[in-house]
Every structure is written in C-alpha cells, then in structure tokens.
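Here are a few notes to read alongside the coordinates.

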Amino acid sequence: MKKASSIIFLFIIISLLLLIINKNNQKLVVTKNKINITNQEIYYPKFGITKLDSYIEKYINEILKNNTASSSKELFIDYDYFNTKEKVNINFYTYTSHNNLASQTVTTINYDLVKGKITKETSLLKTDYSYDIVNQKIIDSNTKLVAFTFDDGPSHNTAKIVDILKKYNATATFFVLGNKVEKYHKTIKYLNDNNMEIGNHTYTHILLTKLNEEKILKEIEDTQNAIYNQIGKYPYFFRPSYGTVSRKIKKTSPLPLVIWSLDTLDWKYHNSKKITNKILSKVKDGDIILMHDTYTATVNAVREVIPKLKEMDYEIVSVSELFYYKNKEARLGYYYGSL
Ligand code: NI
C-alpha cells in the first residue's frame with residue numbers, strides 16, 4: 001500500500017514537471033489563412049493565441065470594410081512575420097492597385113508573449129527604387145553561381161524584385177503564368193527591359209499529369225504566344241506547374257525542363273528571415289533556387305540575402321546564364337535541377 005502511494009506520488013510529480021517544461025517551451029504553431037474574393041486576395045496568419053488571432057481577424061475585417069472591391073480596384077494583403085521567445089512581430093502589407101502597383105502600406109503588429117500586450121503601427125511602405133546602369137557580369141573561375149527563379153507571377157511584387165536584383169547587378173528567371181501575361185503586360189516588358197529572363201510556367205497552373213499530350217502542349221504554347229505578343233521573343237525554358245515531371249511531359253515539351261535544387265518554401269513560411277536562413281545554410285555552387293515573386297516576405301528575403309551571397313563570392317544569375325557560364329547545353333527531353 002505504501003509502495004503504491006509513493007509510485008502515484010512520483011507519477012504526479014513527474015507529470016507536473018512535464019507540464020511546466022511544456023509550458024516554457026511552447027512552440028508556436030502558425031497556420032496560413034487565405035480569403036479569396038473577386039479582386040481581393042488576403043493572406044493572414046493564425047498563431048493559436050486567442051487574443052492575437054482575434055486582433056488580427058478584426059484588423060483584416062476592418063480593411064475589408066474600408067476597401068470595397070470594384071473591377072478597377074484590387075486589394076492584396078500578405079504578411080512577413082518572425083517570432084522569438086518573447087515576442088511575435090507581424091508586418092501586414094496592403095496593396096491597392098490597378099494592373100500594376102499603386103499604393104502600399106505596411107502595418108506592424110507586435111505581440112509581447114510575456115505580458116500578452118499588443119501594439120500596432122501603420123506607415124507608408126518605402127521602396128528603394130534605383131535605376132543604376134547594369135554592368136556586364138565578370139565571372140572568373142572562383143566565382144560561384146546560383147540561379148534565382150521566381151514562379152507564379154507576374155504580380156505587383158515582381159518589379160520590386162527586379163529593382164533589388166538590378167541594384168546588385170544580379171539577374172533571375174521569372175517563370176510566369178500565361179494567363180497573367182496580358183494583365184501584367186507592363187511588368188512583362190519591365191522584366192525584359194531589365195535583362196531578366198522570362199520562363200514558361202504553363203498557362204493556368206493546372207497539374208499536367210492530369211492532361212493528355214495535346215492539352216499539355218496547349219498549356220505551353222499558349223504561354224509562349226502570350227509572352228511573344230508582349231516582348232517579341234519566346235522563353236527558352238519550361239518549368240511545369242508544381243515542378244511535376246513525367247515521361248509524358250518530358251516527351252511533349254518543346255522546351256527543356258528546369259526544376260530546382262533548393263526550395264525556399266517561401267509560399268508556406270511568409271517569413272523573410274526563415275527564407276534567408278534557408279538559402280544561406282543550403283546554398284552551393286550551381287544551385288537553382290525556387291521562390292515566388294507573388295509574396296512580400298520573398299521580396300524582403302531577396303533584399304536581405306543578395307548582399308550576403310555576394311559576400312560569400314556568389315553571383316546571382318538567370319537559368320540561361322547558369323547554362324552559359326557553366327558551359328552546359330540544355331537539351332530537349334531532359335530536366336535540370338542544378339548545374
Ligand atoms: Ni507554380
């Protein structure tokens with residue numbers, strides 16, 4: 001009897017200890033939420049903290065109330081967050097735009113995890129627009145190369161990425177969706193005028209494994225034509241939607257396939273620090289890095305990561321340039337993840 005009660009006592013003590021340890025090590029489980037109404041696309045996070053989550057929802061609802069969508073006005077909100085043991089910091093980026101970028105604001109919400117206190121401030125989003133002359137890249141044998149690729153655009157964030165790349169004499173390949181080309185025709189021209197490479201990422205972002213050869217080809221060709229109609233030249237590379245490669249897709253594509261070797265998961269994280277750290281910890285010579293020019297956290301990560309990559313003796317290039325400088329040929333019927 002005595003033995004049994006001391007075992008129970010010990011069990012209670014251990015459970016209590018585990019409870020305390022758990023409480024101190026509470027990891028935030030952050031989920032991504034999306035509201036998609038005509039001409040409005042809103043992303044916001046949930047942290048599993050009732051007070052903070054309801055504050056965010058109230059904030060989003062208020063913006064929605066003040067911005068009635070119309071055919072000529074669009075609203076896009078996304079976010080970039082980070083957290084430490086003491087606080088959560090969320091920057092909400094609100095864009096109201098016609099075709100291309102118009103007005104932007106950033107709202108910062110800070111949550112003190114210790115005190116449970118919320119603060120909020122809003123400011124106009126400053127963008128660093130610089131139009132320095134692009135120099136020819138000097139690639140010597142010590143230079144390591146990394147190709148930046150951006151999928152699913154163009155979007156209101158594309159030009160911002162171009163401007164950051166230009167500042168560092170860097171280039172990238174933008175795998176665009178055919179059905180966005182006409183709407184973002186100015187951005188397509190902006191990419192082309194600034195020596196960025198435009199790649200083909202299907203017309204509708206459909207999963208190609210579901211389609212027959214004729215329909216796969218139509219997805220690719222419609223996109224080729226949409227791009228040609230804007231800039232008078234065709235893309236060299238095709239990246240299938242979702243990076244899916246099958247024997248049928250390889251056989252059907254009139255362009256060499258380019259996948260990636262480093263996935264930043266930027267679409268999932270919305271966390272520029274995480275995206276930056278992932279690139280810096282994984283990058284190696286010849287990598288092809290996957291990002292999306294649709295998200296602001298990605299823009300912030302690009303701004304942060306390029307100077308650091310330069311310090312590590314990397315040049316940031318487009319996929320075509322990567323093939324050129326690595327002296328490799330892109331062949332039909334093959335796919336490439338890194339060089
Ligand atoms: Ni995609």
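1. Let's start with Ser 155, which sits in the loop between strand S7 (144-151) and helix H3 (158-167). Please keep in mind that this is a predicted model. Ser 155 counts as buried because its relative accessibility is 5%, and the cut-off for buried is under 20%.

2. What does the side chain of Ser 155 reach? Another is the backbone oxygen of Asp 293, which lies 2.8 Å from a polar atom of the Ser 155 side chain.

3. Leaving out residues up to four places away in sequence, Ser 155 touches Tyr 184, Thr 187, Asp 293 and Thr 294.

4. The largest nonpolar core has 37 residues, and Phe 148, Phe 150, Leu 165, Phe 174 and Leu 309 touch the most other members. Helix H10 gives the most to this core, with seven residues. A second, separate core has 26 residues, including Leu 64, Ile 77, Val 88 and Ile 109.

5. Phe 148 is worth a look on screen: among the residues it touches are Leu 165, Ile 289, Met 291, Val 305 and Leu 309.

6. Finally, helices H9 (residues 272-282) and H10 (residues 296-311) pack at about 35 degrees, with axes 8 Å apart. Their crossing is right-handed. Ile 275 and Ile 279 of H9 and Val 305 and Leu 309 of H10 are among the contact residues. By class, this contact has seven nonpolar, four polar and three charged residues.

How values were computed:
Residues are numbered from 1 along each chain as its sequence is written. This is a predicted model: local features need pLDDT of at least 70, side-chain atom pairs count only at pLDDT 80 or more; totals for chains, interfaces and linings use all residues. Side-chain values use heavy atoms; hydrogens and water are left out. Axes are lines fitted to C-alpha atoms, for helices over the stretch in contact, and angles run from 0 to 180 degrees between N-to-C directions. Helices (H or I, at least four residues) and strands (E, at least two) are DSSP runs, numbered from the N terminus. A crossing is left-handed if the near helix is turned anticlockwise from the far one by less than a right angle, and right-handed if clockwise. Contact means heavy atoms within 4.5 Å. Ala, Val, Leu, Ile, Met, Phe, Trp, Tyr, Cys and Pro count as nonpolar, Asp, Glu, Lys and Arg as charged, and the others, Gly among them, as polar. A nonpolar core is a set of buried Ala, Val, Leu, Ile, Met, Phe, Trp, Tyr and Cys residues joined through side-chain atoms within 4.5 Å. Buried means under 20% relative accessible area, exposed over 50%, partly exposed in between (1.4 Å probe, protein chains only). A polar contact is a pair of N or O atoms within 3.5 Å; within protein, one must be able to donate a hydrogen and the other to accept it, and residues adjacent in sequence count only if both atoms are side-chain atoms.
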